[in-house]
Amino acid sequence: MSPAVDSPVPDDLPAVRSAVHGDTLAGVGNARLSDEGTRPVTDAATVKSTLHRYLQKHRAALVGKLDGLAERQARWPVTPTGTNVLGVVKHVASVQVEYFGAVFGRPFPDLPPWMREGAAPDADMYATLDETVADVVAFHHASAAHADATIAALDLDARGVVPWWPEEVRDVTLHRVLVHMAYETARHAGHVDIVREMLDGLAGDGDGNLADRSPAAWQDWREHLVGIAEQAGLRSAGL
């Protein structure tokens, strides 16, 4: 099992629990109304397709942040806890192997050394000197293909067990795991967005959500925000 695994969504939130477990999907037809008569319910195949599409989108955003990085840059720890682009990609690919593999009795063939019994802590959070960027990208693609095969083979209500989760919540469905991994992948893609920007200034992914400014305009914008932060600090201090 991967040395670092993600925690489950808290199970004491009714709205989250319903969305994660897929409680509203039992026995429904395509886009019929719910029991309340006001909220349309979508069929399970459409829900699976939507969740899978979001997972694939966030995967692409994550691994795409390695494009153009040299081996040194890809490994460079930007934060005090050592966050680096290549390590995050390696970690997400490793976690994906477990959630769509062993959890559903579909183990990934030939687990890499960092995922085997006795691996050092955080071995999936960085690349060793023997592992290149190309190696990690290839593993990410293999992990994604394995996950996609599991998603295609199973129904949303297929049962699995996450042995590293607390016993009371470790029985899961494919629906729950899809939600969990789409969320986790998006979360880590956001991490590498910031890390990559701090490495070489590359920001955004071409989706139009980032304003189109020149480097000088971005500097002016940052100074504007610094000014606001300074004034807010003075105001809160009563100065």
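Modeller: The model is predicted. The pair is helix H4, residues 85–99, and helix H5, residues 133–153, whose axes come within 9 Å and cross at roughly 25°. An angle under 35 degrees counts as roughly parallel, so H4 is roughly parallel to H5. The crossing of H4 past H5 is left-handed.

On the H4 side, the contact is made by Leu86, Val89, Lys90, Ala93, Ser94, Gln96 and Val97. H5 contributes Val133, Val136, Phe139, His140, Ser143, Ala144, His146 and Ala147. Sorted by type, the residues of this contact are 9 nonpolar, 5 polar and 1 charged. As for the spacing along each helix, an α-helix has 3.6 residues a turn, so residues three or four places apart point the same way.

Aromatic rings come next. The model holds 4 aromatic pairs. In one of them, phenylalanine 108 and phenylalanine 139 have ring centres 6.0 Å apart and planes at 85°. Planes over 60 degrees apart count as edge-to-face, so this pair is edge-to-face. Phenylalanine 108 belongs to the loop between H4 and H5, while phenylalanine 139 is in helix H5, so the pair ties together parts that are 31 residues apart in sequence. Phenylalanine 139 is also among the H5 residues in the contact with H4.

Just after H6, glycine 201 has a positive phi of about 85°.

How values were computed
Residues are numbered from 1 along each chain as its sequence is written. This is a predicted model: local features need pLDDT of at least 70, side-chain atom pairs count only at pLDDT 80 or more; totals for chains, interfaces and linings use all residues. Side-chain values use heavy atoms; hydrogens and water are left out. Helices (H or I, at least four residues) and strands (E, at least two) are DSSP runs, numbered from the N terminus. Axes are lines fitted to C-alpha atoms, for helices over the stretch in contact, and angles run from 0 to 180 degrees between N-to-C directions. Angles under 35 degrees count as roughly parallel, over 145 as roughly antiparallel, 65 to 115 as roughly perpendicular and the rest as oblique. A crossing is left-handed if the near helix is turned anticlockwise from the far one by less than a right angle, and right-handed if clockwise. Contact means heavy atoms within 4.5 Å. Ala, Val, Leu, Ile, Met, Phe, Trp, Tyr, Cys and Pro count as nonpolar, Asp, Glu, Lys and Arg as charged, and the others, Gly among them, as polar. Rings of Phe, Tyr and Trp (its six-membered ring) pair if their centres lie within 6.5 Å; planes under 30 degrees apart count as stacked, over 60 as edge-to-face and the rest as tilted.
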